[in-house]
Each structure stands twice: as structure tokens, then as C-alpha cells.
Amino acid sequence: MHPFQYQRATSGSQAVAAVAKIPDASFIAGGTSQVDLLKEGVHQPSLLVDVAGLPLRQITDFEDGVRIGANATNTEAAYYPAILARYPAVSEALLAGASVQIRNMATMAGNPLQRTRCPYFRDLAQPCNKRTPGSGCAAIGGYNHVHALFGASAACVATHPSDLAVALAALDARVQTTGPQGPRTIAFTDLHRLPGTTPHLDTVLAHGELITSIDLPAFAGRSHYLKVRERASYAYALASCAVALEMDGPKIKRARIALGGVASKPWRATSTEALLAGHVPTEKLFRAAATAAFADAKPLEHNAYKIPMGRNLVVRALLETSGLQPLAGPAGTAFAASVGGMAGQVATPN
Ligand SMILES: Cc1cc2nc3c(=O)[nH]c(=O)nc-3n(C[C@H](O)[C@H](O)[C@H](O)COP(=O)(O)OP(=O)(O)OC[C@H]3O[C@@H](n4cnc5c(N)ncnc54)[C@H](O)[C@@H]3O)c2cc1C
Ligand code: SF4
């Protein structure tokens, strides 16, 4: 492992200053992602500033929504009563990720900031523009079955791996930060970047900008997260879908749909959302919406299978969220390896 200095942050402003002044310094929180990258030699910082001890762990009611401290663990957020009851997609997404042990360590800021699971990114023998800008992209022309359908570029076709991020995008969460230029609020849908010609930049955060909380705005509808993966545990989404539905009597007032596993950021299907507004939910409507959601998909050589898989997932997520189809239960079974179906029911911590 590349040698580095380790420092425990004493305050948010000290952490920001310490990282901001050294170009290859970075934060570490739960460490479940950072330590892997350090061991693999993919990430070689000269300084790690540990922010896990900062008092950013509280989850509180905030402006009719919920404010989740950056250092709250994935487990704490998943089982927080107001999140389970009012934002079940967030709980479902968290519980569909990693393992109990990892969720107990992983933080709410660290999760959406984890880096891609493109296998070439972690293989130092392969060219990768995200790891080493200008070196090339082994996935284009390589085995690209887990790669992007939307928003990719000639420099990078990677996908973003966080389940949580997909639910937060569908719920229009906001990210609070403090950085070298002071505090700011970022719409969650603007946090992650498309690769363009700078795939080494995953987010819009400035160097040294610290996330302090993630805010869930007021929401009175139903939400739901579904994920398809290659095995039932310890596997990232091949495709996933978060839905947030608000009803006006029998009609859909507003629908929000975010897709995971298909782009370098959670992919909001905004034109599809507009198709649903004002209509009474039917399976036919949902099938048309799912077709529209993937109409602009640009498959690579090995990932076209994600298009029918993603469409079916959107239909099922909409059917279950609207109540047209019963939830498949906590270990949702329509896809053997999916997790979901909590949608407002209180689950027991494991
Ligand atoms: C075997 C395995 C399976 C997994 N499966 C899944 C899965 O199925 N789905 C899924 O979504 N995830 C999965 N994960 C990823 C896991 O969820 C992440 O590793 C974890 O959420 C990262 O959180 P952390 O606190 O440990 O972050 P760290 O590893 O400490 O940091 C991650 C990144 O966040 C930055 N960071 C941390 N805190 C802050 C802050 N406050 N402000 C600014 N930057 C910050 C760090 O600098 C770093 O860049 C898996 C991980 C493993 C090891
Ligand atoms: S897809 Fe992106 S992360 Fe993967 S090898 Fe290409 S540049 Fe690297």
C-alpha cells in the first residue's frame, strides 16, 4: 500500500482546511470504500483526514422532512422510523446494498461518493481514464456488460454503483456541504457528473468540500426501490429503479423515477415522469412509460440485456408503488435476487 499520513479531524472547518491545502488529500469516513481502493493501489493519497468522529451523526426532523447527518450509518438511516414510514425507498435502497457489517460502518455521505465498480477501474494493468486521465478506456471494446446505457462518453462508459443515490435522486434530496468557499446546498440530482472528457471527476464537489447532511424534503406520497443483481447479497445493481408517486384522488399528480446501474449518475427519467402525470394508474400506462424510459438508451456490445430488464423493473416498481400489484415482500421475489417490498411496512433490524 502507498504510504500516507492519517489525521483525525477536530472540526468540520479544520477537516476542510486540511484537505483543501493538499491536492491529493482526501476524507475518510466509514472507510469501507476508501480502504479497498488504498489496498488496490487505485487511490494513493498522501493524507487521509478521518471525519467519522465529527458530530454529524444525528438524524432529525427538518422543514417537514428529515435531515440525515453525513456520518449517520447506513443502518441507522435505514431503520430510522420517519424514513421507514415516509421514505421507504431510502430504507429499501440502503438494505439492498452491501452486507449488515458494511452497512453498520458505511456512512450516508460516503455511500453516494463511492467510486464506480467498473472492473477495469480497479485493475492497474488496464487503461482507465477515470483512474489515470488520458490513459484510455478498457471497457470500450472490452467486456462491458455492467456498463452504461445513458450519458456515456468516448472517454468513459462506467456506471455509478450506489443504491442509496438512486432513491435520493427520485426523492429530490438536497446535499448540504461546507467547503473552502463556505457552505452551499446542492440538489442531489446535480451532485454526480456525466463523464464527458473528465471522467476522473465523479461529482461537482470542490476539493476539500465536506458533506454535512443529506436532507429529504417533505413528501406525502409512496416510494419504492427495486434492484436486480447477479446474486442476492454483496452484489451491485445491474439495473435498479426508485419511484416516488404522489396521487390526486385516483390520478397520479406527480411521478418521479430514477434509474440505477445505467449511467454515471442516478438517471432521472424526466420525460417519462411527465407521461404519467394526470393519468389513472394502469398496467398499460406503466408499460408505455417503461418503454419511453429506455427509448434513448445506447447499448454497448455486451449490455443490451439491461434494456428489457430495466423496462420490466420500471413496470414492476410502478405497479407496486401504485398498489396495482401487491408488494412481493421484504425479499421481493419476482427477481430472485432483488430486495424491496417494504414500502411503508416497518422492518426489523437484522
Ligand atoms: C463487499 C461490498 C459490497 C458492497 N455492496 C454495495 C451495494 O450493493 N450497494 C451499494 O450502494 N454499495 C455497496 N457497497 C459500498 C458501500 O455502500 C460503500 O463502501 C459505503 O457506503 C461507503 O461509505 P463509507 O462511509 O465507508 O465511505 P468511505 O470509504 O469512508 O469514503 C467514500 C468516499 O466518500 C468520501 N467522503 C466520506 N465522507 C465524506 C463527507 N462527509 N464529505 C465529503 N466526502 C466524504 C471519501 O473521501 C471517499 O471518497 C459495497 C461495499 C463493499 C465493500
Ligand atoms: S468505463 Fe470508465 S472506469 Fe471503466 S475503464 Fe473506461 S474509463 Fe475506466
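Leaving aside neighbours within four places in sequence, A255 touches A244, L245, E273 and L276 in this predicted model. A255 sits in strand β11, residues 251–260. Its relative accessibility is 3%, so A255 counts as buried; the cut-off for buried is under 20%. Between the C-alpha atoms of A255 and A232 there are 28 Å, with 23 residues separating the two along the chain.

Strand β11 also meets helix α10. The buried residues of α10 pack against β11, α9 (270–276) and α11 (306–322). Which residues of α10 (residues 283–293) are buried? They are L285, F286, A289, A290 and A293. Viewed down the axis of α10, these buried residues fall within an arc of 135°, so they line one face of the helix.

Now the ligand site. Ligand 1 is surrounded by 31 residues, and the closest are F27, A29, T32, T107 and D163.

| Residue | Protein atom | Distance to a ligand 1 oxygen |
|---|---|---|
| F27 | polar backbone atom | 2.6 Å |
| T32 | side-chain N or O atom | 2.6 Å |
| K227 | side-chain N or O atom | 3.0 Å |

On its own, ligand 1 has 980 Å² of accessible area, and the protein covers 91% of that. Elements that give two or more residues to the shell are β2 (25–28), α2 (34–40) and β8 (210–216). By class, the shell holds 15 nonpolar, twelve polar and four charged residues.

Note on methods. Residues numbered from 1 in each chain as written. Chains lettered and ligands numbered in written order. Predicted model: local features only at pLDDT ≥ 70, side-chain atom pairs only at ≥ 80, totals over all residues. Heavy atoms only, no water. Helix = DSSP H or I, 4+ residues; strand = E, 2+ residues; numbered from the N terminus. Buried < 20%, exposed > 50% of the residue type's maximum accessible area, 1.4 Å probe, protein only. Contact = heavy atoms within 4.5 Å. Arc of directions from axis to C-beta. Near = heavy atom within 4 Å. Polar contact = N/O pair within 3.5 Å; in protein donor to acceptor, adjacent residues only side chain to side chain. Areas by Shrake-Rupley, 256 points an atom, 1.4 Å probe, with all protein chains shown as cover. Nonpolar A, V, L, I, M, F, W, Y, C, P; charged D, E, K, R; others polar.
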